[in-house]
Amino acid sequence: MHAGRARLAQVSLALQASRRASDYRLQLPVHHPHPLHPVPISRGPPARRAHFPKSKAPSIVLPPDLFPDTTPLPAASPSRPARATGIARYYLIPTPPGPAPTIVTRLPSRGNMLCWVQIVNTPTADTPGGCIVLHFDNRRYLFGRMAEGTQRTMVQRKMPLAKIHDIFLTGSIDWAATGGLLGMVLTIADIKAASAADIERTNAGRKAKNKKLVDGPVTHLNIHGGKNLVHYLATARSFILRKALPLQLREVRHDPRPPATHDAAADDSSDKMPEPDYEDESIKVWSIPLSAARERGQGPVQPEQVHDAAPRSPKKRKLSPSSSAASEPATADADPAVKDAAEQKFRESVVNDMFCSSWNLDTLREMRLDEVQLPAKIFVRNNKGHIEPYTGPPASEAPDTMVLVRLPWPASKVEQLPRTRPSNQAMSYIVKGHDRRGTFDPVAAEKLVADKRDYRKLTSGQSVVGKDGNLVTPDMVIGASFPGRGFAVVDLPSEHHIPALLDRPEFSDPNIMASLDIMFWILSDGVTLDSPGLRDFIKARQSIKHVVLSTSLCPNNLALESPMSQLIYMNALDKQRFPLPAYNTKPLSEIDEDLASFVQPARSGLRYQLAPDPAAFHTDAIVPTLSPRTNFRHMMERAPQALELATVARKALLAPADDADQSRDDLPCPDLEIIPLGTGSAMPSKYRNVSATLIRVPGWGSYLFDCGENTLGQLRRCLGYDGADEVLQDLRAIYISHAHADHHLGTVSVIARWNLVTPDRKLAIIAAPKYHDFLREFHQVQDLSMDRLLPVYLRPVPGGRPIPGSISRPLVPADITCPLPTIEACFVDHCTDATALVLTFPGSGLKLAYSGDCRPSAEFAALGRGAHLLVHECTFEDELGGDARAKKHSTLSEALGVGRRMEARRILLTHFSQRYPKLPVVSEETLRRGREGGREKDVEVLFAFDMMRVKLGEFKQAKAFLPAIRSLLEVGEKEEGGE
Ligand SMILES: [Zn+2]
């Protein structure tokens with residue numbers, strides 16, 4: 001028997017001992033005479049492949065919860081190192097039913113599969129970070145910083161999120177590098193679920209007609225990153241629950257080639273390439289963790305001071321984590337390595353529960369009212385046996401009442417994660433495609449093989465019996481393979497990371513560097529090509545092309561062309577309400593002459609083709625630089641009528657208009673400025689970003705009402721970097737209306753920047769207790785200076801419940817350094833803990849009301865009675881009342897109805913469904929009715945647009961331009977409809 005086969009038999013025996021051994025067959029010709037590689041044995045259902053890192057990596061024990069279909073092999077456990085049995089690395093592959101397949105050598109594929117790397121975005125004000133996509137026909141890989149706004153950029157670039165197979169996060173796990181990840185994962189989960197359902201429907205039809213079934217999309221997602229990756233994702237468990245997105249996390253907690261082994265590796269003069277740390281059908285990846293200089297040589301990352309100054313949220317319940325799939329983390333006196341591994345496993349199980357739990361929304365459990373853990377939706381069965389919401393007395397009055405409650409998500413039951421600390425480790429990667437097969441030699445084949453039909457077997461990697469009865473192996477008839485080309489993505493968050501880079505063996509390994517074509521450099525502010533050591537490092541690698549993504553070399557141009565074009569057009573109509581965005585088409589610095597022949601700044605859309613030959617840059621997809629001047633000319637041609645209507649509006653405003661002036665006098669604080677930064681619902685879209693409204697109250701500072709992803713980017717695009725900092729220096733409070741991700745994923749970056757620009761101020765965070773818990777837990781990953789944040793808890797009145805309509809009694813900490821207006825709130829009908837807010841400013845009596853997302857609320861109308869400004873959501877137009885009720889939002893008329901009951905003087909409608917990328921359909925009649933009611937006169941209604949700037953005293957002037965704006969948007973909609 002063949003030596004390789006004998007070994008295989010041995011390993012199969014070992015597999016018999018494992019739990020689900022029969023499901024797997026192992027291919028493992030470690031010392032095979034021919035260069036065999038482990039491969040999927042057969043096509044069939046998409047194989048889930050688990051790549052075990054080398055035995056020296058402690059993470060070799062695969063958490064069963066993360067890879068539910070695989071069973072760790074006994075041979076791979078730390079007590080029985082893999083190497084002892086001759087196993088270096090292996091795949092587990094579900095075995096398809098049927099006869100045992102033949103052993104197949106993996107030959108590099110011959111195919112001319114098109115493969116390229118492309119720059120998704122360069123760092124600008126509203127596309128911070130920088131990332132690169134690796135494109136294959138059937139899948140995409142993302143490399144770089146998944147900063148806030150990345151998803152929106154991809155939508156703008158028409159890059160399909162459903163095809164993303166792996167995300168490789170570079171840099172450190174902090175919000176700057178990963179702030180866009182949570183939103184992106186949510187969207188990917190939704191898209192994948194929708195397309196899987198689509199395929200299922202299609203296949204059901206095809207099955208009935210006996211047609212061949214179509215392949216489904218890639219349904220899982222792998223995320224790779226540095227220390228704290230899993231902890232970071234687990235902090236989102238109170239607001240992320242998606243079922244059936246198998247999310248596999250690969251956190252690099254240990255250096256796969258630690259510095260101590262570098263010299264030994266250098267002495268080992270073998271010409272073997274170091275093993276990759278990740279490998280799949282398309283690529284091999286070497287993960288390169290770089291520790292900041294001050295930490296190097298100190299072993300694991302040293303603790304950094306993490307404050308936990310903020311008080312615990314009120315009414316904390318104690319829940320055993322064992323209620324989830326995981327076991328409890330190890331006790332404190334355990335071996336640190338064991339404890340660390342157990343804690344990590346615990347975090348992994350939490351993330352697993354967030355994305356693939358079997359929790360069912362419809363399961364209700366009966367229990368006593370006083371046993372219900374609040375907040376929870378409570379139901380009862382009425383005397384007809386129907387289930388309805390419980391509206392009876394609270395538990396303190398009727399503890400024995402039997403009620404029905406929905407079981408909470410398994411992940412959300414975990415009250416506290418094992419502690420972690422910020423890490424300065426930053427990830428970089430080297431990526432290479434697989435080698436491509438050499439040329440088939442028909443002359444050699446003819447000499448050795450009798451049957452020409454065997455040629456096909458040989459080219460597909462099978463050995464055949466030759467003319468003389470000997471085994472003919474593929475390498476006997478196929479020439480040397482072509483090495484797979486590759487690229488590197490190096491991320492330097494600070495100059496302190498450069499010494500570690502200079503020490504890395506991978507960048508001097510001739511085998512790796514031989515076919516490495518291109519290096520992408522992601523440089524944070526403060527790191528330049530002149531940083532010590534970097535220039536020499538790059539100069540020593542001149543045969544490689546170097547592409548730099550940094551704010552100094554890449555201009556702050558208008559990266560999101562659709563919303564920016566729209567803003568420029570609107571500026572042509574109404575300069576006051578729609579000032580031009582801040583931008584710069586010239587970079588802050590240029591590349592020096594001595595580097596210019598092999599170093600270039602990155603440009604969005606730039607492509608480099610890795611296969612097939614010839615490998616080269618392609619500039620055809622580079623995103624053209626947007627210029628307001630060109631856009632204005634374009635507008636004159638396409639929407640002349642809008643320009644005419646704007647002229648009419650301007651003339652009308654010049655005429656003496658006493659009632660406009662009067663309304664100005666009549667309002668307190670007419671110079672209060674409102675800047676809607678995000679006016680869309682659900683997810684960042686082409687024209688509207690997710691929720692955020694900035695209100696600047698003269699003398700009382702700035703307030704952010706909700707803070708969706710990339711609020712900071714929108715602010716910077718709107719006011720410039722300096723202008724945004726000015727607003728932050730003046731920021732008093734951020735209000736988060738509810739837990740939906742589109743309302744708060746931008747808070748951390750706002751806080752982080754606020755921290756830098758205001759070292760001695762306080763900032764109130766007004767939110768439900770769960771949101772404060774999230775901030776406190778994330779603070780372990782990145783220092784947020786919690787001692788300077790004033791948490792204002794929106795919780796029910798004592799003994800009450802957070803049910804829609806009930807009043808919240810905010811717990812406002814007194815701090816004379818941060819005087820706040822009076823805060824009132826009530827719970828609204830949207831999701832658990834959703835609130836609406838009313839602020840009243842002492843002195844002027846100015847009253848602001850903000851709805852968050854909700855069904856129309858009588859209590860909110862009462863609380864905000866006489867408000868000078870109401871900002872209300874209006875997700876759906878009136879025809880979609882059913883959708884509004886089902887999704888717990890308001891229609892346009894319902895929002896106006898709340899304004900009428902409130903007797904609000906100015907109403908700003910926002911939070912538009914993505915169905916209306918531009919403006920919902922609304923009749924003048926509806927608007928007129930909105931203005932009627934308690935106060936017959938002087939009620940004005942406006943629609944919010946991203947980056948519009950309107951003063952409280954100027955609603956009438958702003959409204960005068962509405963016909964012009966509507967005409968412009970109609971032209972745009974027609975053009976897009978025709979596309
Ligand atoms: Zn919502």
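This is a predicted model: local features need pLDDT of at least 70, side-chain atom pairs count only at pLDDT 80 or more; totals for chains, interfaces and linings use all residues.
1. Now try helix 13, which covers residues 561–573. Here 12 of the 13 residues are buried, so the helix is mostly covered, as a residue counts as buried when its relative accessible area is under 20%. Among the buried ones you can pick out Pro563, Met564, Leu567, Ile568, Tyr569 and Leu573. The polar residues Ser562, Ser565, Gln566 and Asn571 are on the buried list too.

2. Next, the aromatic rings. Searching the whole structure gives 25 aromatic pairs. One of them joins Trp700 and Phe841: the ring centres are 5.6 Å apart and the planes stand at 75 degrees, so the pair is edge-to-face. Trp700 lies in the loop between strand 25 (692–697) and strand 26 (701–707), while Phe841 lies in the loop between strand 32 (835–840) and strand 33 (847–850), so this pair ties together parts that are 141 residues apart in sequence. Phe841 is buried, with a relative accessible area of 1%.

3. Rings can also gather in groups. Phe143, Phe168, Tyr278, Tyr429, Phe487 and Phe520 make up one aromatic cluster.

4. Some rings have a charged neighbour. The charged end of Arg541 sits over the ring of Phe537, at 3.8 Å from the ring centre. Likewise, Arg607 places its charged end over the ring of Trp116, 4.5 Å from the centre.

5. Finally, have a look at an open sheet of 7 strands, ordered 9-10-15-18-19-20-21, with mixed pairing. Which strands stand at the edges? They are strand 9 (278–279) and strand 21 (599–601); each has a single partner strand, so one side of each is left without a neighbour in the sheet.

6. Within that sheet, strand 15 (residues 426–433) and strand 18 (residues 486–492) pair in the antiparallel sense over 4 bridges. In general, strands of a sheet pair through backbone hydrogen bonds.

Terms used. Residues are numbered from 1 along each chain as its sequence is written. Side-chain values use heavy atoms; hydrogens and water are left out. Helices (H or I, at least four residues) and strands (E, at least two) are DSSP runs, numbered from the N terminus. The expected span of a helix is 1.5 Å times one less than its number of residues. Buried means under 20% relative accessible area, exposed over 50%, partly exposed in between (1.4 Å probe, protein chains only). Rings of Phe, Tyr and Trp (its six-membered ring) pair if their centres lie within 6.5 Å; planes under 30 degrees apart count as stacked, over 60 as edge-to-face and the rest as tilted. A charge sits over a ring if NZ of Lys or CZ of Arg is within 6 Å of the ring centre and within 35 degrees of the ring normal. Two strands pair if DSSP finds at least two bridges between them.
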